[in-house]
Amino acid sequence: MSLPSVDAAIVDRHTALSGSVSGHDLIVLGSLEGDLRLSGRLHIAAGSRLKARVQATVVELDGEFEGELRAQTLRVTATARAKGVFMAERISIEEGALLDGDVQAPAEAKLAPVQDVRPAVPDDGPELAADDDSTSAAPPA
């Protein structure tokens, strides 16, 4: 997964922070606990830990996450371990990722009606006549 621009704020691998964070882009390499409001991209790197309520445009999740996450785009990679509530317009989850919790579509999204996808009844041969003569027990002449 590519890292955001070099203008992003970075929480270093050897750093543990708690509190509220607001801004544009953020890369978490260490540990962070709190509330995040970002107008851009959040990258939770492999080996990092984030326990938070998050609102961001794009979230790339490679590390550990616990909490509530709201985004337009959420990408969960194979190394991610996440638990909580996830709300996003677009979600991609790679094979191998662990995601535990609720995944929700936006409230304003309208779902298409479910179509009937029952399989067709298999053809077991000719249909039996429905008249009274077909039910008689008399052997054929």
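Predicted model: local features only at pLDDT ≥ 70, side-chain atom pairs only at ≥ 80, totals over all residues.
I started with burial: 30% of the 141 residues in the protein are buried (buried is under 20% relative accessible area, exposed over 50%, partly exposed in between, with a 1.4 Å probe and protein chains only).

Residues are numbered from 1 along each chain as its sequence is written, and side-chain values use heavy atoms, leaving out hydrogens and water.

Next I looked up the secondary structure and got zero helices and nine strands. Strands here are DSSP runs of E, at least two residues, and helices are runs of H or I, at least four, numbered from the N terminus.

Then I checked the second largest pocket, and its volume is about 170 Å³. I jotted down how a pocket is found: on a 1 Å grid over the protein atoms alone, it is an open set where a 1.4 Å probe fits, with protein on both sides within 12 Å along at least five of seven lines, and lining residues have an atom within 4 Å of a point.

Its lining includes Ser20, Asp35, Arg53 and Glu68. Strands E2 (16-23), E4 (31-38), E6 (49-61) and E7 (64-76) each give at least two lining residues.

Last, I went to the surface, where Ile91, Ile93 and Val103 form a nonpolar patch with about 240 Å² of accessible area together. I found Val103 in strand E9 (residues 98-104). Val103 counts as partly exposed because its relative accessibility is 48%.

How values were computed:
Patch = residues over 30% accessible without salt bridge, like charges linked within 9 Å, V, L, I, M, F, W, Y side chains within 5 Å. Areas by Shrake-Rupley, 256 points an atom, 1.4 Å probe, with all protein chains shown as cover. Salt bridge = Lys/Arg side-chain N within 4 Å of Asp/Glu carboxyl O. Points joined across faces, edges and corners; volume = space filled by probe spheres on them.
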